[in-house]
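Biologist: Could you walk me through this fold, one question at a time?

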Amino acid sequence: MRKLRNIIVLLLIALTLWHFYGEAFQRSGVQGVVQEMSSTVNDIKENPKVAATIDTLNQEIQLLIGKLKESLPDSEESDQLDVEKPQLDAPEQSFSIHNVEMGDKRSDVENQVGEPERSTLNEYGVDWVTYHENYQNFFMAAFNEQDQVVGLYTNQDLLSSTEGITFADTRESVLSALNEPLKAIRKGFVNYQIQSNQEYDMFLIDNNYVTIFYDKHENNTVTAIQIISGELEQGKEEYFSDPSKELKEGFEYQLFDLTNAARVEHGLSALSWDESVRQTVRDHSADMAENNYFGHTNQEGESPFDRMKEDDIVFRMAGENLAAGQPSSIFAHEGLMNSLGHRENILKEEYEALAVGVAFNSDSQPFFTENFLTK
C-alpha cells in the first residue's frame, strides 16, 4: 500500500510537469524540459521566499523519487533472486539438513551446496560455517579437525527425518514421535536443568544432542533445529563459554545471519550490516554486562534513540532488541522470535539495516544488543 501511494504521488508530479513543460518535451525532448525548467528557476531565484520554497519542494521530490527507485527494483530483485528449494532425500540417519548428515565430509558438503558465505567461532570452540544463496536455503554446519560434520542448524524448511518430522509439525506431534526430551544436561560435575518454557526440546538421539525449537506464534510448529555431536557437546565443560574477541564477533555475525534467514523465510528482504552502529550496540551490551542491569534505558536515562543520536547516527526509523541469559546466538535468536515485540522488530518490513553488539559479564554470560534502522 505504501509503494502504491508513492507511485500515485509520482504520477501526479509527472502530470503537473507535463502540464507546464509538455510542449517543451515534444519540441526538444528531455533536454528541452531541463533547459526550460532551469530558465524558469533562474527567473524567480531573486525572490528568496520563492527560492526557499522551491528548494524545500525539490528536496522532498528527490527523497520521494529516491525511495521509489529503491522500492521498485527491490521487488524485481526479489523475484530474480528466488532460489529453488533442494529436493530433500530420505536420510540414512534420524535427521538431515539440506541433505547433509552428521559425519559427512566437508568436501562432499561443499560439492553439493557450494562455498560458504561466512565462518565464525561458536560456543563450542569450532566455527559455524554458513551456507545460503541470498539467505535462501540457509543452514550452518560445524566441522571437526577431520573436516567431518559435528554440528548442524537451520531455521528454514530444509529438514528430513526418518520419523517424518517436518517444519509443519507441532510440538505435540514431535513429542509423540520421539522419546522423552532431556530434563537436564551434564557439564563436568554439574547438572544444568533445561528450562525451555516449552519453546524447545532437547533429545539425545544417535549420540547427538538434537534441539528442536518451536514457534509460539505459529501454533507451536517446528521453526528450527540444531544437532550437536555428543563429543562436541561434552567437550563444552561449562554452560557459558570463555569470552574472547573471536567469540564476540562470532555471536554478532551469527545473530545477524539468523535474523536475515528468518526474514527471508517470512518473505521479507534481508537487512544490510551497518558498521557505523556497531560500536553503539557494543557499548550498550558492555554497559549492561559491567553494571549488572538489563534494559533499553541505561543508567543515565538514555534510550536507544538517544544513544544513536549521541553517536551521530542519522535514522528515520529505529528499534532495539536485547537478549541475555542464553548460551549462544542461536538460543538468543529463537528466544527473540518467541517474544512478540522483539519478533515485530525482526520481521518489520520497513527496516533496512542491522547491527549487533555483544559483551560478556564476569560470569561469561553474553549480552546481545540489536539495533534495527532505516536511514
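Here are a few questions about the sheet and the helices, with answers.

Modeller: This is a predicted model, where local features need pLDDT of at least 70, side-chain atom pairs count only at pLDDT 80 or more, and totals for chains, interfaces and linings use all residues. Residues are numbered from 1 along each chain as its sequence is written, and side-chain values use heavy atoms, leaving out hydrogens and water.

Biologist: Happy with that! Which strands are the edge strands of the open sheet?

Modeller: Helices (H or I, at least four residues) and strands (E, at least two) are DSSP runs, numbered from the N terminus. Two strands pair if DSSP finds at least two bridges between them. The open sheet has seven strands in the order 2-3-4-5-11-10-9, with antiparallel pairing. Pairing on one side only are strand 2 (118-121) and strand 9 (200-205).

Biologist: Which residue of strand 11 stands opposite Ile212?

Modeller: Strand 10 (residues 208-215) and strand 11 (residues 221-229) run antiparallel, joined by eight bridges. Opposite Ile212 stands Ile225.

Biologist: Why is helix 6 called oblique to helix 9?

Modeller: Axes are lines fitted to C-alpha atoms, for helices over the stretch in contact (heavy atoms within 4.5 Å), and angles run from 0 to 180 degrees between N-to-C directions. Angles under 35 degrees count as roughly parallel, over 145 as roughly antiparallel, 65 to 115 as roughly perpendicular and the rest as oblique. Helix 6 (residues 245-265) and helix 9 (residues 329-337) pack with axes 9 Å apart. Helix 6 is oblique to helix 9 because their angle is about 40°.
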